[in-house]
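Have a look at the model first, then read the points alongside it.

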Amino acid sequence: MFIFNTSEIEISTFLLIGFPGLESFHIWIAIPICLMYLVAILGNCIILFFIKMEPSLHEPMYYFLSMLAISDLGLSLSSLPTMLRIFLFNAPGISPDACIAQEFFIHGFSAMESSVLLIMSFDRFIAIYNPLRYTTILTSTRVTKIGFAFSLKNVLLILPFPFTLKHLRYCNKNLLSHSYCLHQDVMKLACSDNKINVIYGLFVAFTGIIDLMFIFMSYLLILKTVLTIASQQERLKVLNTCVSHICAVLIFYVPILSLAVIYRFAKHSSPIIRILMADIFLLVPPLMNPIVYCVKSQQIRNLVLGKLCQKQS
């Protein structure tokens, strides 16, 4: 620690937090957390393996699903080190540089997941609105270009975060509010002017809201298209193709919106609730997305069951 004056001390280590008051149970809490990480990483790797190896899955929908799996893997691996350190080894300390690097990857992969969910909603609309031209509109080359463009957009969107945080001065306060580093959490510790961080952070949050609005608009268009189908059975069949994506959207956005509501309207609620919601935001989407798509996608489900049956025989 370096002393600037009698009242300000530069912080050389940030402290992350587990569940306050439940420190003696952290080792037991670590068991389900480790299992969730294991299932999430294994599940997303299985999705990527089958999409790469199985020619029947070389379709636009599954290419976008592979992008979602990569985003989920990135989220899991970005938060894994600090979560394990806190709950397994009771080591909450993290250097400012490591913290800033972690928040960059967490925000980057979160933004990428939001973008992929948006792309997938457009994919569902095209597949329903114009099924005969679906594969000619979304060719492999075009899908690659879309994925690259959105990846670049998200890197450029999140890139200012580490630089603006790095220019802040941190003194006196070093206790963060979560089990991992977030931009809005780190900037609150600064004892220098953080207006730029606040404004840019709101801008990034607004881009996420725009993604959600476009997803909602896509489903309005999908619903409008479905209502033109005469047969009720066909309507249900078409809507059933959207169930997996709707589940993925809810799994991703509900924890984020719930956390935002808690911070806005329930500031005096138990910190355990806020920490739990923040952990759900990072743990549940990577865990549930592979399960949802394996259950709802007949092609993936049959491939997984086929491989399991081969091993048993």
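1. The lining of the largest cavity is made up of five nonpolar residues, two polar and one charged. Here Ala, Val, Leu, Ile, Met, Phe, Trp, Tyr, Cys and Pro count as nonpolar, Asp, Glu, Lys and Arg as charged, and the others, Gly among them, as polar. Those lining residues are Asn 44, Ile 47, Leu 65, Leu 68, Ala 69, Asp 72, Asn 289 and Pro 290.

2. A word on the source: this is a predicted model, in which local features need pLDDT of at least 70 and side-chain atom pairs count only at pLDDT 80 or more, while totals for chains, interfaces and linings use all residues. Residues are numbered from 1 along each chain as its sequence is written, and side-chain values use heavy atoms, leaving out hydrogens and water.

3. Which helices each supply at least two residues of that lining? They are H1 (26-53), H2 (60-89) and H11 (271-296), and H2 gives the largest share, with four residues. Helices (H or I, at least four residues) are DSSP runs, numbered from the N terminus.

4. Is His 107 buried or exposed? His 107 is buried, at a relative accessible area of 15%; buried means under 20% and exposed over 50%, with partly exposed in between (1.4 Å probe, protein chains only). His 107 sits in helix H3 (residues 96-129). Beyond its neighbours within four places in sequence, His 107 is in contact (heavy atoms within 4.5 Å) with Ile 158, Phe 161, Leu 182, His 183 and Gln 184.

Note on methods
1 Å grid on protein atoms, 1.4 Å probe; cavity = no way out; pocket = protein on both sides within 12 Å on 5 of 7 lines; lining within 4 Å.
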